[in-house]
Amino acid sequence: CDKKLDQTPISDQTTANFYTQPGDFIQAVNATYNSLLTYPDRQLNLSETRSDNLYAVSDGGVRDWEGINSFHRTIAGNPYVTEAWSGNYTGINRANVLLQKLSEKGESIIADGTLRTRLEAEAKFLRAFYYFDLVRWFGRVPVLDQTVTATEALNIGRSAVSDVYSLIISDLQFAAANLPDAYSTAADKGRATKYAAKGILALVYMTRSGPTYDINGPGLGLNEWGQALTLLNEIIASNKYSFLASYPNIFSYTNENNAEVIFDVQYSTGSNPIVGGTFPWLLAPDAWFQAVGKAVQGGLTIRPISNNLLNSYEAADTRKAFSIQPGFTSSNGVTETRSFFKKYVDLTKVPTNRLDWPINFIVLRYTDILLLKAECILHGAPGTPADVDAIVNQVRARAGLAAITNVTLARLMEERRKEFAAEGSRWHDLVRSGNIESIMTSWIAAEDVQKVMQPFQKNYILYPIPQSELDVKPGLYEQNLGY
Amino acid sequence: QNTTGNGTVTGKITDETGTGIPGATIQVKGTDKRTIAKEDGTFTIPVTTGRETLVITSVGFTRKEVPLNGLTIINISLAGEKNTLEDVVVIGYGTQKKRNVTAAQASFDASRLDERPVTRVDQALVGQMAGVTVKQTSGALGKGFSIQVRGTGSISASNEPLYVVDGFPLTPTGTNAAGNYANGNPLDNLNPNDIEDVQVLKDAAAAAIYGSRAANGVVLITTKRGKSGKTKIGFNSYVGFVERSKKLDMLKGDEWIDRFTEMVNARYVAEYGNKGATANDNNDRRRQVLGVAPGAYNTAYMTDERWTQPGHPGLRFIDWQDETFRKGLMQNHQVSASGGTDVVRYYISGNMARQEGMVKYTDYTSYSARANVEVNANKKLRFGLNISPTYSITNDPGVEGKDNIFHQILSMSPVQEDTMGLYPNVGNNDQYAWSTSTNSPFAKLQYVIGETKRFRTLTTLFGEYQIIPGLSFKSTINLDNTDNDSKSYRPYRIASSKSTRLAQTTLQTSGSFSSFKKMNFVNENTLSYNKTINEVHDIAAVVGFTYNSEKIDNQTLSSNGGFKTDGVITLSGANGVTGETRETKNFLLSYLGRVQYSYNGKYMLSASIRRDGSSRFGENSKWGYFPSASVGWRVSEEEFLKAVPFINDLKVRGSWGKAGNYAIGDYATIPLLKNYNYSLNTVSVIGQAPAGPVNPDLTWEKSETFDAGIDITVLKNRLSASFDIYTKHNTGLLLNVPILWVTGYSNLLANAGETRNKGWELEITSRNLVKGPVQWTTSLNLSHNTNKVLALSGGQNQTIIPSAYGTNVQHSILRVGEPMYSVFVVKQIGILTQDDINKGVALYGSETVGDPKYEDYSGDGVIDLNDRQIVAHPNPDYIYGITNTVRYKGFDLAVLVQGQRGGSIYSLLGRALGRTGQGTVDNALGFFRDRWRSPDVPGAGKVGKAYSTFGQIANTDWLYSSDYIRVRMITLGYDLNRVIKAKKVMQAARIYITAENFFGHDKYKGGLNPDANNTDLSGSTQYLEPGDYGGLPLPKSLILGVNITF
């Protein structure tokens, strides 16, 4: 009778009977990719919303993005901030579990050595990806390259930023060396490749090369533009990617996995459980979807685009009309005059379930590789001003704009702002450029007519450590300055 | 008269109504002379002296001793097993003389429940017993009530008691985070008319025999059994109507227009003042300012001209609440038959109940039957079968809860286009431009299908064998099987916006089907021994072994991609279906033992122990011990008190015990994998990873209770009272201990928390008038309970409970030293004046004159989340119930008044309907009438100005007292036999009229039912915090009934 007390779940698998065949390890790496699904929303919430791209003062001040936009000091409990921490550590833990199981019994279970190495490289790529996201939001974060118990975790404090980068770089170097150039089977398309690892690694070097601001942030003031350029050139030289002639085609629902895509977060619609995206509807107010006869999309209010961004587009810039919706009239006649992003929204592809949009989110695309190259050159890496001009003018030509010469760093960053609007890179670009304090300060002065924003301080480059983390063991993690 | 002996005594044994009891045993005390009463109850027995004492026993009746005192003809009436100190009460695994009970146990005599129109057993318990809180958390049909015994001690597990029906422990079921019983309530479909008796084991000494399920108390329910004697046929029937007991004060059409206009004008001037906008601008002028085309409207800045025209042509003012409610017909019919001989006794019944809800398009129908049969196979072997199949059908399209129909009924704009009637934004109707975009909630009531069919059968089979006199073995086999199917269907015509639904008629239709099968199998085996030695030592002992398995199978199916056509409501019409089945089970093995000893009815001692092993718990903690002990001293049996004439009985008691709460998931200690899928090249790929960390030491929550009590009867048994004082210390509470995210997870389920409930209970029964034509009895129960958090996980001092509705709606806290789930918000202290602003009082955001003024609790000069403070706690401090019963000639009148004091509600419904800065279109609570309009018209000083843009912070605006007092029932009955004189045909005939919930008073202005629970406020399964977000008022009913016994 006592045996009855030892029950195993009927409807769920347990860890005891998992990791016993190669397919289990593939499922384990897929679960590690799963943590990417919240990445695009996070870039909208923490990068676009905080930057000078959006003046996201909400109607009634009830939205969670209010404190992010307005530099409230009390955002340590903000769900977006908490998610940035928890989402990344969830992914890191899944990578660590997998890497541990691989080292424990990978050889005995996965006979195919190529597959085994690929899985390890994928896990390391993802772990580095998540740490890189963390270091950009929070600066010093605890670094773990293996799983820990709840008790062990209580003795692990925040690591130095340079230590976080050490793991990121060694992981990405391993990934770059061991991931395939591309995947031969279509079913694997979307997994990290060698060039995804190189591209992210280039961005890591560039980010580390940014100024320190004396805040223990992502910039270490290192001069690694040259290392980054080498990697970027390798990607370009691979000839696996190309510059699409049409800007809208990069984001087309019917042109996913196109030649621009170095790495993206992949989604598809209609599956159970859901593996669709939410970022398209987060961009736009619900009233707009209703005004155009589409299903309710979560009841969100508008996150208006700043006048500064709107006015920065040159008249002929075709990217503006594609990326931005200039207001609308709702079904009951209310006219919304403020603009908002619609870059990823294809109104013919609105899913029945608002959490289930099919469109992939491109993390790194070929245009970015080119513009990052130009940036490295402007920072002193090998290359000429003509190389820079050529890159920028290629981008401008696609947008319908005339060529320019003697592109400066500031001009390059302005071009990036419009090229990558709504793609989540604005805040990181501002931080890397070194000009974030002056740009944000003058922007707030000009734009904040409602006088709801706090004056900008460089401490706001980093987000606070989530309050829930500080509460677990007071004193283990010190809070970032300014909060 | 034969006084010398060697005669016979003849007579008749009857029950209380004078009916003969066939088969009753008549024995001459101290001899082996005995006889059995005949069919009509008569008997003859030889006696020697004529001064002997007769002992009469019969199953189902109280043993009675009658001294003959020389009588040769004697009629003896036996009382049913009730009502006197010699009564036997049901306890865990046995019965006990009531006078020997040493634990805290509350009784409810349910034998006359069939004379009251109650639809559920839990409904009957409202206000009846001290320390037993029965909350009607829903106004919907067929929903379980929430019962708490001596407060709440658990933070994340269930706080509902264990129910035991005729010895069969039913699967304990807590409410889910939304306050509902997702897989049914143990009392569902249990026909109250079949209930004989309810006992609530309140302290651990009484309850600990149920071990790991007893921490929240145990409710023992006994169903009716047949008694030897003539067959009794009972017919109970009632018919009446049910309607709402309360209506929420919302703005009327013209008041809504007034508020809308004020806000639109304020917004228009605020945003276009620099372009010359003034509040007096007409719509033409506004079109110029706004740049709106002629004839077009921007409803954010313009009003409807018809609002100000006499008779508002083309518009209809709708009171949505009035349109929703009705008088529903309710009826219930029961036929029962009982009787038997000393060999076979039976009780059978059939019942049909039908209720139309007070809300239109809702109803509930149930059919139930019961057969309780007992057979004395011979002098040593007894067996029996109780079986009760039931079937019920509930139609409820989903009325209660956030964004459900009733919430929308309340917030729907009261002004609509006349042409649309009650159907704005339905089918071909567009929405009225100034109204909420909600599809008419009235139409949803009408068109949404939500049907639940439940078939439940409770079965108990038992056999009892007397090994030697005093020692018997009993074995029972019990099965509780529930099959529950729910079907829902939402047609496109009440979905989305007009253009979408007309373009996507099939896509916008959705449907689902879900079902569960719940099986609880219990086998219990007990050996009990009862012996009286030398007439002074009473010994009772029981040992036992029990086996318990609980299994739930769930199935869900839902449409995926709309329906193929309009008109088919089952999923056969769906355009693709997704579904899932899940099964879980758990086992509980137990050993139990108890000894009770009483010396001469004066000194009582009882001790019990149970050992439980549950499959739910970890490797290292599968088994646990639950001991208890209690003592009693009947002081009134001592010589020194016997001399005090006005004290009839006095007993003091003390008890201690430990019980457990095993209410966590079936596999909480096993590391599960969960699907974390990803997508590659537009195809979903399966990903799996560990779902969370597990704790192999996880075990039940422990609860330790100390109780001291006194029972006293004085003044010739006219006044009896019981008083208990207790403290219940819960430790090892299952808490999701927050852990660092670097582990990959946010929390780990562990036995971490500690709480204490303290309180006292008083029960008084006073027979105010006993002689004369008027007989009047008053019963009162009053109890006081407070709880306190003693410890949280990991030495934390406090945990702020998350909110399902965003950080700025967080409003409760667990803080060491404070009551559980204390309300933790910013305090509103008035309305901001210019003077306040000039003085620089703390502001929240961009507040201006006329906005609420908040207390700067942190003293830092600004209002923010740091200014939150504990302002209230949810559980009431006092609950009470008073029942008055008056009999006069053929009339009987009973009045039950019940209430609570000292608790609070943090109402998210109140927030939804009455928040600061609430928009124009939703209807708002009536208190907006007395809002601040200008410095000269400051209103009632509580509600700020309508147009307010500073945002909102969780504050005392939405805090209400949960105090209420309610006349729960008034019943007036009349004995028909007095007029129709048909006693030969009908043993009893009574008609009655009952008013339930007709009068009452509460302080809840933000909703309708202070006890309402229908929505998950925390959004987290770690913190059970159900609350009100659109609960119906309690129904009130007026019912006419008849009870006839043949």
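Me: Let's start with Tyr19(A): is this residue buried or exposed?
Reply: Tyr19(A) is buried, because its relative accessibility is 2%, and buried here means under 20%. Keep in mind as we go that this is a predicted model.

Me: Where in chain A does Tyr19(A) sit, and what is its phi?
Reply: Tyr19(A) belongs to the segment that comes before helix 1 (22–34) of chain A. As for the backbone, the general idea is that most residues other than glycine have a negative phi. Tyr19(A) has a positive phi, near 60°, and is not a glycine.

Me: Which phi value does Phe71(A) have, and where is Phe71(A) found?
Reply: Phe71(A) also has a phi of about 60°, positive even though the residue is not a glycine. You will find Phe71(A) in the loop that runs between helix 3 (65–69) and helix 4 (79–109) of chain A. With a relative accessibility of 0%, Phe71(A) counts as buried.

Me: Let's turn to peptide bonds. What kind of peptide bond joins Asn272(A) and Pro273(A)?
Reply: The general idea first: most peptide bonds are trans. The bond joining Asn272(A) and Pro273(A) is cis, with omega at about 0°.

Me: Now salt bridges. How many does a search of the whole structure find?
Reply: Over all chains, the search finds 88 salt bridges. To read one, look for a side-chain nitrogen of Lys or Arg within 4 Å of a carboxyl oxygen of Asp or Glu. In chain A, several charged residues are linked in a network of such bridges, including Glu260(A), Asp317(A), Arg319(A), Lys343(A) and Arg411(A).

Me: With which residue does Glu262(B) form a salt bridge?
Reply: The partner of Glu262(B) is Arg931(B), and the closest N and O atoms are 2.9 Å apart. Here too the pair links distant parts of the chain, 669 residues apart, with Glu262(B) in helix 3 (residues 253–272) of chain B and Arg931(B) in the loop between helix 11 (908–914) and strand 49 (959–961). Glu262(B) counts as partly exposed because its relative accessibility is 22%. Arg931(B), at 2%, counts as buried.

Me: And what does the salt bridge between Asp480(B) and Arg456(B) look like?
Reply: In this bridge the closest N and O atoms are 2.8 Å apart. Asp480(B) comes from strand 25 (residues 471–490) and Arg456(B) from strand 24 of chain B, so the pair ties together parts that are 24 residues apart in sequence. Asp480(B) is buried at 4% relative accessibility, and Arg456(B) is buried with a relative accessible area of 5%.

Me: What about surface patches? Which residues gather in a patch of positive charge?
Reply: That patch is formed on the surface by Lys716(B), Arg718(B), Arg767(B) and Lys771(B). Arg718(B) sits in the loop between strand 36 (701–714) and strand 37 (719–738) of chain B. Arg718(B) counts as partly exposed because its relative accessibility is 31%.

Me: Which residues make the nonpolar surface patch?
Reply: Tyr888(B), Phe891(B), Leu893(B), Leu972(B), Ile993(B), Leu1038(B) and Leu1040(B) make this patch of about 570 Å². Strand 47 (891–901) and strand 54 (1035–1045) of chain B are the elements giving two or more residues to the patch. Leu1040(B) is in strand 54 and is exposed, because its relative accessible area is 53%.

Me: Finally, how is chain B divided into domains?
Reply: Chain B has domain 1 (7–77), domain 2 (88–230), domain 3 (253–318) and domain 4 (328–826 + 871–915 + 952–1039). Between the C-alpha centres of domain 1 and domain 3 of chain B, the distance is 91 Å.

Terms used:
Residues numbered from 1 in each chain as written. Chains lettered and ligands numbered in written order. Predicted model: local features only at pLDDT ≥ 70, side-chain atom pairs only at ≥ 80, totals over all residues. Heavy atoms only, no water. Domains from an automatic or database assignment. Patch = residues over 30% accessible without salt bridge, like charges linked within 9 Å, V, L, I, M, F, W, Y side chains within 5 Å. Areas by Shrake-Rupley, 256 points an atom, 1.4 Å probe, with all protein chains shown as cover. Lys, Arg positive; Asp, Glu negative; His and termini not counted. Charge placed at Lys NZ, Arg CZ, Asp CG, Glu CD. Helix = DSSP H or I, 4+ residues; strand = E, 2+ residues; numbered from the N terminus. Buried < 20%, exposed > 50% of the residue type's maximum accessible area, 1.4 Å probe, protein only.
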